[in-house]
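Please consider the sequence and the structure below.

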Amino acid sequence: MAADAGGLYLGFDFSTQQLKVVVMDGRLSVVYQDNVQFDTELPEFRTQGGVHIHADKLTVTSPVLMWVKALDLLLDKMKGAGFDFSRVSALSGSGQQHGSVYWMKGANETLRQLDPKKSLAQLLQGSFAVADSPVWMDSSSSQQCQDLQSTVGGAQRLADITGSRAYERFTGNQIAKIHQTRPDQYQDTERISLVSSFAASLFLGDYASIDYSDGSGMNLLDIGTRDWSKICLEATAPDLDRRLGPPRPSASVLGSVSSYFVSRYSFSEECRVVAFTGDNPASLAGMRLQEGDLAVSLGTSDTVFLWLKQPRPALEGHIFCNPVDWQSYMALLCFKNGSLTRERIRNECAGGLWEVFSAALGDTPLGNHGNIGFYYDSMEIMPCAVGVHCFDQDDNKVSGFSAQVEVRALVEGQFLAKRLHAEKLGYTILPGTRVLATGGASSNKAILQVLSDVFNTPVYTIDVANSACLGGAYRALHGLQAESGLSFCDVLRNAPEPQLAATPNPAAQEVYDRMLKRYARLEERVAHESRP
Ligand code: XUL
């Protein structure tokens with residue numbers, strides 16, 4: 001089916017603290033946005049930041065009915081604002097990754113015959129076998145992680161199959177915990193959805209498939225065959241295959257919106273529902289990352305997205321199936337020490353002023369005379385290490401650097417780490433590679449110059465406010481056209497282009513290729529010496 005020029009495309013994001021929607025027209029302009037904040041607009045659920053943190057501090061859940069009610073409220077708000085649902089050609093969206101929803105036996109029958117006179121929350125209140133869904137902030141499944149890894153043959157073997165070693169928040173380990181601690185509720189469960197496929201199910205009026213990309217965050221999907229891994233399923237819980245349903249490509253049109261939405265909100269019967277995916281894959285789509293690109297989000301923690309053709313799963317970082325090109329992959333790397341550490345060094349070495357911090361980067365040479373620093377103010381994820389570790393040009397440990405050298409050591413070190421870990425997962429810098437920078441620190445040109453030099457590639461900036469939602473709207477449009485063989489890139493050709501912000505210094509390649517080798521050696525040493 002071709003895209004309708006006058007049609008609208010909806011992108012929803014069921015994130016941790018809120019439900020958001022963006023509406024895009026056929027010319028790719030955002031024409032409407034709205035949201036529902038869980039804590040303040042649905043106070044009856046008593047969440048903080050959209051979640052309940054349980055007494056053990058490890059278990060973190062969200063009431064599934066809160067998400068259902070949020071959708072009622074959001075659509076009612078849109079209706080109240082006069083939004084014309086009949087113009088919507090397709091919708092898609094995303095959910096916080098890893099969270100899981102347990103549909104009660106008989107729930108699919110309920111979904112298939114929703115009475116448009118009632119709200120979704122009224123209709124579905126008895127449809128969940130587990131009322132409180134485990135979410136990505138949960139870290140209570142360490143035992144299940146250990147069990148899975150030992151059954152499969154170790155952490156690296158699990159990463160080779162599923163793209164990641166076992167992580168507590170990954171859905172398979174959460175499912176195993178539910179099966180072990182609440183066997184009756186597991187028995188009552190007819191279907192298990194991710195937050196993303198649960199949201200798609202509401203619109204579809206039927207159980208929606210889990211897409212390959214969000215499915216990769218479960219420690220259950222074989223990312224090579226793009227099917228459930230038998231050994232992982234068996235190690236997790238009985239009859240899991242049946243409860244998950246077959247996974248599908250992320251660009252699949254799952255069907256048309258259910259008659260409930262046609263009657264209650266005047267959606268067109270033709271409005272298509274495109275598979276929902278995880279919020280990180282949806283952001284990759286929203287940023288329109290292309291083959292060979294790398295996106296760096298510089299925030300409280302720094303996140304890196306990579307587009308990969310031939311991934312090499314490792315013990316750190318995650319490989320997911322790519323949400324916009326089913327034959328490719330993406331990687332997600334998370335570095336805990338981001339802007340808070342940059343702010344600390346700015347305060348200590350630049351009198352609290354970003355201008356002085358930037359000037360220090362301008363006044364120090366590429367490669368920083370061989371000085372290298374590791375600044376892990378809090379326990380770092382990549383690598384698992386803590387503390388500040390400084391080395392001079394001969395790899396001797398030193399207690400610190402002069403203020404200007406310290407500023408450059410921090411910024412160079414943060415970007416060398418990103419390049420090192422990206423390359424470990426199979427990323428290679430090729431001619432034409434672009435680095436897209438987003439997040440707070442991406443407005444600092446001097447920081448972006450170092451990023452460009454360390455990667456020896458041009459750096460572009462892109463506005464990614466709401467990138468997951470926008471990615472949903474882009475994916476809705478692409479889903480409609482994917483059947484005619486058009487790539488995501490073809491369909492989104494006219495979307496706003498990123499802005500060029502920095503180009504590499506001609507001397508950068510030689511300096512940083514050499515420095516990266518030393519950085520890798522020193523990082524291993526630091527990780528070894530400071531392991532908790
Ligand atoms: C990714 C992860 C988080 C959630 C947040 O692995 O756990 O980024 O997706 O919504």
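The lining of the largest pocket comprises 14 nonpolar, 23 polar and nine charged residues; here Ala, Val, Leu, Ile, Met, Phe, Trp, Tyr, Cys and Pro count as nonpolar, Asp, Glu, Lys and Arg as charged, and the others, Gly among them, as polar. The model is a predicted one, in which local features need pLDDT of at least 70, side-chain atom pairs count only at pLDDT 80 or more, and totals for chains, interfaces and linings use all residues. Residues are numbered from 1 along each chain as its sequence is written, and side-chain values use heavy atoms, with hydrogens and water left out.

The volume of the largest pocket is about 1,400 Å³. Of its 46 lining residues, Trp136, Asp279, Asn280, Ser301 and Cys334 are the closest to its centre. Pockets and cavities are found on a 1 Å grid over the protein atoms alone: a cavity is a set of points where a 1.4 Å probe fits but cannot get out, a pocket is an open set with protein on both sides within 12 Å along at least five of seven lines, and lining residues have an atom within 4 Å of a point. Elements that each supply at least two residues of this lining include β2 (18-25), α14 (279-286) and α19 (467-482).

The largest pocket is the space taken by the ligand, a molecule being placed in a pocket if more than half of its atoms lie within 2 Å of its grid points. Around the ligand are Gln96, Gln97, His98, Trp136, Arg169, Asp279, Asn280 and Leu332, each with a heavy atom within 4 Å of it. By class, this shell has two nonpolar, four polar and two charged residues.

| Protein atom (N or O) | Ligand atom | Distance |
|---|---|---|
| Gln97, backbone | oxygen | 3.1 Å |
| His98, side chain | oxygen | 2.7 Å |
| Asp279, side chain | oxygen | 2.4 Å |

Taken alone, the ligand exposes 290 Å², of which the protein buries 85%; the areas come from the Shrake-Rupley method with a 1.4 Å probe.

The structure also holds one cavity of 30 Å³ or more. The volume of the largest cavity is about 120 Å³. Of the 13 residues lining this cavity, Tyr376, Gly413, Gln414, Ala417 and Tyr519 are the closest to its centre. The largest share of the lining, five residues, comes from β19. By class, the cavity lining has seven nonpolar, four polar and two charged residues.

How values were computed. Polar contact = N/O pair within 3.5 Å; in protein donor to acceptor, adjacent residues only side chain to side chain. Points joined across faces, edges and corners; volume = space filled by probe spheres on them. Helix = DSSP H or I, 4+ residues; strand = E, 2+ residues; numbered from the N terminus.
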